[in-house]
Amino acid sequence: MVDLKFVIGDPRVCTGCMICVNVCSMRYLKVISPERSRVRAVRIEPGLDFTLFCRNCEDAPCIDACPEEALSRTSKGIVIVNNKKCTGSGSCVEACPYNAIRINPDTEKAIKCIQCDECIKRCPVDAIWMTTMRELEERDPDGEIWALHDEHSEELYSKEDLQ
Amino acid sequence: MIHGVGGKVIWVDLTKGEIEKRPIEKKLVEKYLLGAGYLSKVLFDSIPTDIDPLSPENVLGFATGLLTASMFPQSSRHVVAALSPLTDVWGESHAAGFWGPELKLAGYDAIFFTGASPDPVYLNINDSTVELLSADDVWGRDVFETDDILRKRHGKRARLIYIGQAGENLVRFAAVMNDRDRASARSGLGAVMGSKKLKAICVRGAGKIEVADPKKYMDTMDEFYRRMLANPFTPGRAKYGTTNLVEMMQHIGRLPSYNMRQGVFEGYEKISGETITEKYLVKPRSDWCCLQRCARYTSVKEGPYKYVGGSPEFETQSSLGSRCGNDNLESVLFGHHLANQYGMDTISLGGTISWAMEAWDEGLLTADDTDGIDLSWGNHESIVKLIKMIAFREGFGDVLAEGSARAAEKIGRGTEKFVMTVKKQEIAGQEPRAQKSMGLAAVTAARGADHLYAFPVLDEAGFDDEIRERFGEEYLPEMAERLNPKYKGIMVKECEDFMVVVESLGLCKYGTQIPPEFYYEDVALALKVHNGFEFTRADLQTIGERIVNLNRLFNARRGVTRADDCLPDRLTKEGAPLGPSKGEVVELDQMLDEYYLKRGWDNETGIPYASTLQRLGLVEEASGMEIPDE
Ligand code: SF4
Ligand code: SF4
Ligand code: SF4
């Protein structure tokens, strides 16, 4: 199986500008709307700025949770939403451990990051990049980035406050 | 319909507790844009002439710009305005952050507050829900505590504006704070919030902004991003924020020191941007769509000045540092942090303390006046102590909470001589004898001493090309010469017109004025793709002029004339005692003559001529006023 790709951000480097967030909603929905973006920016003091994307989990609980079988993994390993099938039930939202999939309030269809690279190209400080588990281990051998995510997981992934 | 905006304005009558939503008036927007221009018109019409700024009759306005929450570089800003309790004239202040964009995403462009609430309240906005809630449990709390409590209640994604204790206690230079450490600092508008018993505005917006030209949008913004990132100023701004201005200003003798006796400070290296970056910087920060990232997140790890938070700006290094003869950097950083916590303008804060220090140095203030606090130059423990005493109006802090002009009036004994203000607002960190345009800008600014209303920095750092582009070859080299008063009236006038447009769009002066990367044509293009407006450069220039003239009428109505457009004698009569600008004075009259002429204002009174008002469509506004004929 190919190494699954996903986007990761370094909360120590990210300045919190939200350009990536706006790029995504502009690219896919032609609006500026953090609520409708596939990436969330969460600032946690002191001094951390997280940008949170679909982790492209190997077991992808979102896929299993969907009663309509609207979610599937493509041959390139990307988890995508089939808009024809999606009824907006929200089961995937419930199932995702990273709060990385949500329902677009306008279309009532699920939206999630599909690793397209558009936001990455525009981050002014190169705080985000396309990675794989293997690449990340090489780049961050002490696992500092994951450790920061883990440390704040409750606040980062809590569902009660999407965006 | 206007694209790219919230579309609605909220009016809150705090006396009655009534809330009304109105659609944004497109006609008004075409004439004044949003942000500062919109507030200048609405408040001109709604603030009665002869009122006390801290009375319920004052009207407090908050507005986002036309491009706030767009994707234009540095488009996060909002404006706050009212009659100022510090200057008794037009009060206006701006800040970056995320509050403005959030307000737009909730569907609103501006909020106005009239009257005063009998009990502490805050306004809570959650998309279509707008409600006044009791602020009993946050009244008396500082900015950080208030932020924690209200975000716990309304969700961590909520964005807030608030006052700290300084605003509640009506400190005349209290700031309106937002997003923890961002400040609409000048003009004392935090005290206006306090007088209305308005503690905070909490906003959560889950809406969307629909732009006028979605097809061209991203390409247009990409080009702006490319230019911004390619500008040679950007890396330095990202590395140092504004902090290394200390070194640059020392170099040209423009670093106010020992109140404003001189423009050089022997301890400048200790409070420099280099030192901050090396020892205390945690990381640079950005506000909404900001590529400049001048915001600093810093910490002092141990000792009496331990903290972690957002700070500082050059202005604070100057005001609590060199201006107070203080080279203890940790106290400067901590002082800035405290000012954020209590909600105060660090410029007026440091300017007021340094006035007291000079009066002490001259023997005009003694321990009997100061509750025994030693005000020797550089006594950082006293400075830090005073910050809290001012915010809470304790003892001598109560005197200083009035600002230096009123404090000197109260103390007398010749201390007035050391008041470094224009229209009772403390002059910011630009010793004008070393940059003449800054002296002129300080006196013509509508809100009293101010470097930002015009932000005339084109003579600061070799912007000859931009001067050529924006003004024409014929003004070189004089306009680019910092110490030469020639053409500074023309420069300040043009800079003011452009800067009020920038403040009406919700953009930052970084990127538009320093570095001067984006000008009228660029913002006109942004207005086209974002809002669907087809403004030309000439249209926007006229709007800028209109706003400046309306601000002037607001002040003229309050009695302001040329006589008020003046600097402290020290700056116009006493040559700079040392440093690179040694012997220089500000040739204010010469520059003012040129400025009034260029503006079409009467040279004696400084009031716009009837023909000027006619040209700008301000005849109705001036009705009932004595308007001079050319
Ligand atoms: S949406 Fe959530 S559950 Fe699904 S792959 Fe992405 S992170 Fe995993
Ligand atoms: S990679 Fe593409 S889909 Fe994912 S957040 Fe960025 S822009 Fe959106
Ligand atoms: S664009 Fe880059 S710096 Fe800005 S929020 Fe996204 S990851 Fe952070």
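Trainee: Where should I begin with chain A, and how many helices and strands does chain A have?

Mentor: Chain A has 7 helices and 9 strands. Keep in mind as we go that this is a predicted model. Along the principal axes, its C-alpha trace spans about 40 × 35 × 30 Å.

Trainee: What percentage of the residues of chain A count as buried?

Mentor: For this we look at relative accessible area, with buried meaning under 20%. In chain A, 55% of the 163 residues count as buried. The accessible surface of chain A comes to about 7400 Å², and 48% of that belongs to carbon and sulfur atoms.

Trainee: And how do I read contacts and charges?

Mentor: For contacts, look at how far apart the partners are in sequence. Of the contacts in chain A with a separation of 6 or more, 61% are between residues 24 or more positions apart. Chain A has 21 positive and 28 negative charges, and their mean positions are 10 Å apart.

Trainee: Let's turn to chain B. What are its helix and strand counts, and what is its radius of gyration?

Mentor: Chain B has 24 helices and 18 strands. Its radius of gyration is 23 Å, which agrees with the value near 25 Å that a compact globule of 630 residues would have. The C-alpha atoms of chain B fill a box of roughly 65 × 60 × 50 Å along the principal axes. Of the 630 residues, 69% count as buried, and chain B exposes about 19600 Å², with carbon and sulfur atoms supplying 48% of it.

Trainee: What do the contacts and charges of chain B look like?

Mentor: Among contacts in chain B between residues at least 6 apart in sequence, 69% join residues at least 24 apart. Chain B has 75 positive and 94 negative side chains, and the centres of the two sets lie 4 Å apart.

Trainee: How many salt bridges does the structure hold, and how do I read one?

Mentor: The structure holds 68 salt bridges over all chains. To read one, find the two side chains, then ask which elements they come from. Take R261(B) and D361(B), whose side chains meet at 2.7 Å, N to O. R261(B) lies in the loop between helix 9 and helix 10 of chain B and D361(B) in helix 13, so the pair ties together parts that are 100 residues apart in sequence. R261(B) counts as partly exposed at 23% relative accessibility, and D361(B) also counts as partly exposed, at 41%.

Trainee: Which residue pairs with K270(B)?

Mentor: K270(B) forms a salt bridge with D327(B), at 3.4 Å from N to O. K270(B) is in the loop between helix 9 and helix 10 of chain B, while D327(B) is in the loop between helix 11 and helix 12, so this pair ties together parts 57 residues apart in sequence. D327(B) counts as partly exposed, at 30% relative accessibility.

Trainee: Are D589(B) and R562(B) buried or exposed?

Mentor: D589(B) counts as exposed at 51% relative accessibility, whereas R562(B) is buried at 14%. The two form a salt bridge, with the closest N and O atoms 3.2 Å apart. D589(B) lies in helix 23 of chain B and R562(B) in the loop between helix 21 and helix 22, so the bridge ties together parts 27 residues apart in sequence. Salt bridges can also share partners: K493(B), E494(B), E496(B), D497(B), E545(B), R599(B) and R615(B) are joined into one network that way.

Trainee: Where is V529(B), and which residues does V529(B) touch?

Mentor: V529(B) is in helix 20 of chain B, and is buried, with a relative accessible area of 3%. Leaving out residues up to four places away in sequence, V529(B) touches V211(B), A212(B), D213(B), K216(B), Y217(B), T220(B) and M221(B).

Definitions and conventions. Residues numbered from 1 in each chain as written. Chains lettered and ligands numbered in written order. Predicted model: local features only at pLDDT ≥ 70, side-chain atom pairs only at ≥ 80, totals over all residues. Heavy atoms only, no water. Helix = DSSP H or I, 4+ residues; strand = E, 2+ residues; numbered from the N terminus. Buried < 20%, exposed > 50% of the residue type's maximum accessible area, 1.4 Å probe, protein only. Contact = heavy atoms within 4.5 Å. Areas by Shrake-Rupley, 256 points an atom, 1.4 Å probe, with all protein chains shown as cover. Lys, Arg positive; Asp, Glu negative; His and termini not counted. Charge placed at Lys NZ, Arg CZ, Asp CG, Glu CD. Salt bridge = Lys/Arg side-chain N within 4 Å of Asp/Glu carboxyl O. Rg over C-alpha atoms; globule rule 2.2 N^0.38 Å.
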